[in-house]
Amino acid sequence: MIILDLKTGIDKAYEGAINHESIAGATVFAIEHPSDVAINEMLIRPTHQVR
């Protein structure tokens, strides 16, 4: 049952994770800016994150 408990805990930890399509979209957004625009940092977090 330890493995089942571990899987349950991991699944719960990833419930609010951002999906890979959203991360890829943010990356493309930064890369496709004109060369005269510098994006130095990006903070990406789920909109439902508890502060």
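User: Start with L6. Buried or exposed?
Analyst: L6 is exposed, because its relative accessible area is 54% and the cut-off for exposed is over 50%. Bear in mind that this is a predicted model.

User: Where does L6 lie?
Analyst: L6 lies in helix α1.

User: Is I3 buried or exposed?
Analyst: I3 is exposed, at a relative accessible area of 70%. From I3 to T47, 44 residues along the chain, the C-alpha separation is 31 Å.

User: How many helices and strands are there in the chain?
Analyst: The chain has two helices and zero strands.

User: OK, overall dimensions. What is the radius of gyration?
Analyst: The chain has 17 Å, whereas a compact globule of 51 residues would have a value near 10 Å. The C-alpha atoms fill a box of roughly 55 × 20 × 15 Å along the principal axes.

User: What percentage of the residues count as buried?
Analyst: Of the 51 residues, 2% count as buried. The chain exposes about 5,000 Å², and carbon and sulfur atoms supply 60% of that area.

User: Which residues form the nonpolar patch on the surface?
Analyst: The patch consists of I23, F29, V37, I39, M42 and I44, with about 490 Å² of accessible area together.

User: Take I39 from that list. Where is it found?
Analyst: I39 is in the segment after α2, and α2 itself spans 20-31. With a relative accessible area of 36%, I39 is partly exposed. A patch residue needs over 30%, so I39 at 36% passes that cut-off.

User: Switching to charges. How many salt bridges does a search of the whole structure find?
Analyst: The search finds one salt bridge. The side chains of D11 and K7 meet in a salt bridge, at 2.7 Å from N to O.

User: Why are D11 and K7 separated by about one helical turn?
Analyst: Because they are four residues apart in helix α1.

User: How accessible are D11 and K7?
Analyst: D11 is partly exposed at 41% relative accessibility. K7 is partly exposed too, at 46%.

User: And how many positive and negative side chains does the chain have?
Analyst: There are 4 positive and 7 negative side chains, and the centres of the two sets lie 11 Å apart.

Conventions. Residues numbered from 1 in each chain as written. Predicted model: local features only at pLDDT ≥ 70, side-chain atom pairs only at ≥ 80, totals over all residues. Heavy atoms only, no water. Buried < 20%, exposed > 50% of the residue type's maximum accessible area, 1.4 Å probe, protein only. Patch = residues over 30% accessible without salt bridge, like charges linked within 9 Å, V, L, I, M, F, W, Y side chains within 5 Å. Areas by Shrake-Rupley, 256 points an atom, 1.4 Å probe, with all protein chains shown as cover. Salt bridge = Lys/Arg side-chain N within 4 Å of Asp/Glu carboxyl O. Rg over C-alpha atoms; globule rule 2.2 N^0.38 Å. Lys, Arg positive; Asp, Glu negative; His and termini not counted. Charge placed at Lys NZ, Arg CZ, Asp CG, Glu CD.
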